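Hi,

Here is the structure I promised to send over. Have a look at it first, and then read on for what I found.

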Amino acid sequence: MSEIPDATPAFPKLTRPLSGRVVAGVAQGAAEQLRLDPVVLRLAFVLLTVLDGLGIVAYAALWMFTPREPSEKVDRGRDWGQVAAYGLVGFVLAAIGVLSGAAAGGVATWPIAIGGIGSLILWQQADPGRRQRWMNSTVGQVRQTWVRSGIGLLLVVVGAIGFLVAQDQLAQAGTGLMFTAVVVGGIGLIAAPWLASLWKELQKERTERIRQEERAEVAAHVHDSVLHTLTLIQRNANDPREVTRLARSQERELRNWLYQPKQDADATLAAAVRRVAAEEEDAHGIPIEIVCVGDCELDESLSALLHAARQAMVNAAKYSESPVVSVYLEIEPDEVTLFVRDRGKGFTLDDVPDDRMGIRQSIIGRMERNGGSARVKTAPGEGTEIMLTMKRTA
Amino acid sequence: MKTVRVLIVDDHRLFRSGVRAELGPSIQVVGEAEDVETAVRTIAELEPDVVLLDVHMPGGGGQEVLRRVLGGGSQVRFLALSVSDAAEDVIGVIRGGARGYVTKTINGNELTDAINRVAEGDAVFSPRLAGFVLDAFASTEAPPIDPELDSLTTREREVLRLIARGYAYKEIAKELFISVKTVETHVSSVLRKLQLSNRHELSRWATARRLV
């Protein structure tokens with residue numbers, strides 16, 4: 001490596017920065033390139049404006065041809081205080097100019113300048129890239145665009161009329177304008193119903209398309225899941241256990257699709273518990289009913305609770321001979337409680353040998369290692385209930 | 001035990017005959033209806049003790065039946081029976097005046113029990129409904145407007161928790177050292193709160209739950 005490449009090229013491209021701008025960032029951008037204080041350039045523009053409006057034309061030209069600085073930052077808008085200050089300076093200078101007769105062009109140059117700004121704004125609005133963006137943008141932006149277009153149009157009209165007034169041509173133009181207005185109005189009247197029906201047609205087409213997309217989504221879902229399962233059920237017709245399992249898992253899946261809020265699979269505890277229960281239900285063919293109250297983010301200690309809960313579900317589904325397992329999860333502000341209950345044969349806790357991993361290690365041990373607790377309530381013939389409690393850290 | 005006269009309102013014929021076959025001898029099915037119109041007419045004609053009401057039906061669903069029958073001053077008791085687990089549906093029919101809500105996966109014996117309980121004027125809460133109530137009454141930041149109606153007592157909360165954990169009323173009574181009658185009283189009281197509380201959160205909560 002002989003040379004470290006300079007981060008900034010020797011001749012930086014002229015751009016308009018968004019932050020710190022007063023009007024459009026032209027002066028600031030140019031100042032950055034010329035290594036000058038932007039205030040100097042701004043005053044120069046103001047001074048040139050006072051002299052026959054040259055400053056505005058120059059500024060507008062630079063605005064048109066200078067690209068905006070690419071930036072991720074949010075547009076914070078202008079510093080209106082500064083705008084007012086520079087405007088006031090210009091106004092005072094103009095007043096002095098008019099009073100002293102230094103401004104040669106007189107008032108007639110102003111309409112041209114105003115018309116110029118107006119067409120500039122309109123021109124900017126018509127930029128195809130932007131038009132694309134408005135289509136996807138929010139209502140607020142659309143409204144802003146309308147306001148801008150309105151101002152642009154107004155400035156052009158004012159500029160044109162001002163020009164005619166200055167040239168004493170308004171009276172002659174009046175008849176022509178009237179003629180144009182009548183023709184345009186007439187065409188508008190003729191075309192209005194057609195335009196309205198076209199608009200309605202477009203709206204209708206749009207709603208129809210949305211509806212069709214929805215229908216297609218439902219059809220795709222039904223095809224992928226329900227029809228598929230029905231085929232499997234027919235094929236397994238002589239295995240009642242498998243049929244029940246298939247029907248149950250399809251039911252659960254359809255229910256989730258219809259009624260559950262769309263959740264990221266493992267982002268929250270309730271969603272994770274539902275997923276774990278669904279997996280164990282599929283694996284063991286025993287329905288697991290879940291009721292969740294509240295929800296919270298899944299963190300490390302709650303993951304431990306989730307693992308312990310899975311072990312409890314596995315035990316209940318595998319050994320209890322209960323027809324159904326109930327899981328109840330309650331998330332309170334300071335702690336999380338989860339119950340896994342079956343109405344199976346139950347057991348005597350003291351009879352469980354110390355080396356059996358399920359209850360002692362995977363449930364009680366795991367909960368205690370992670371700062372929680374587990375309580376097992378069981379008796380032969382009375383089912384089993386395992387209660388897991390974990391304090392919430394957040 | 002006196003037999004309970006039941007009317008089944010459901011738009012699926014297969015399901016109606018399935019329920020009919022499953023019910024115990026203490027239940028007498030006096031009729032069936034398949035939409036809102038026939039349901040309202042048949043209820044007025046037959047005056048059953050309990051109406052098994054489907055939530056989703058053509059012509060406005062179970063809530064419409066409840067509105068028209070109970071709005072007319074009838075004392076008929078309704079038990080909602082649905083495949084839907086949506087909070088909106090569950091809370092909707094309970095607030096519409098049903099005395100209980102069970103899902104169609106319930107087995108024949110449990111359904112017979114539930115019907116008997118509703119016939120006696122008690123309330124029937126499925127574990128899921130109990131969970132919904134706990135959730136809806138827990139999520140409150142604003143102070144209740146009517147403290148008596150807008151919040152649950154500690155005992156009611158305990159009872160609901162046990163229902164949500166899958167306990168039957170008898171098991172709850174044993175767990176809390178109270179009588180089954182007391183459990184029923186607590187559940188009925190929760191049902192009353194659920195129906196009368198004008199916590200605007202309740203309906204909003206149920207609707208919002210779907211949209212999350």
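Please keep in mind that this is a predicted model. I began with helix α4 of chain B, residues 87–96: eight of its 10 residues are buried, so the helix is largely enclosed by the rest of the structure. The buried ones are Ala87(B), Asp89(B), Val90(B), Ile91(B), Gly92(B), Val93(B), Ile94(B) and Gly96(B).

Next, the place where the chains meet. Here 12 residues of chain A are in contact with 15 residues of chain B. On the chain B side, two helices each supply at least two of the touching residues: α6 (127–138) and α11 (200–211). The largest share comes from α6(B), with six residues. Sorted by class, the side of chain B that touches chain A has six charged, six nonpolar and three polar residues.

Finally, a look at chain A against its record. The unreviewed UniProt entry annotates residues 39–62, 83–102, 108–126, 146–165 and 177–199 of chain A as "transmembrane region". I checked two of these spans in the model. Residues 146–165 of chain A are 100% helix and 0% strand, and their end C-alpha atoms lie 28 Å apart. For residues 177–199 of chain A, the end C-alpha atoms are 30 Å apart, and that span is likewise 100% helix with 0% strand.

Best wishes

Technical notes:
Residues are numbered from 1 along each chain as its sequence is written. Chains are lettered from A and ligands numbered from 1 in the order in which they are written. This is a predicted model: local features need pLDDT of at least 70, side-chain atom pairs count only at pLDDT 80 or more; totals for chains, interfaces and linings use all residues. Two residues are in contact if their C-beta atoms, placed from the backbone, lie within 7 Å. Helices (H or I, at least four residues) and strands (E, at least two) are DSSP runs, numbered from the N terminus. Ala, Val, Leu, Ile, Met, Phe, Trp, Tyr, Cys and Pro count as nonpolar, Asp, Glu, Lys and Arg as charged, and the others, Gly among them, as polar. A residue is buried if 20 or more other C-beta atoms lie within 10 Å of its own, exposed if 12 or fewer, and partly exposed in between; C-beta atoms are placed from the backbone. UniProt positions are given in the numbering used here, feature names are shortened, and annotations may be inferred rather than shown by experiment.
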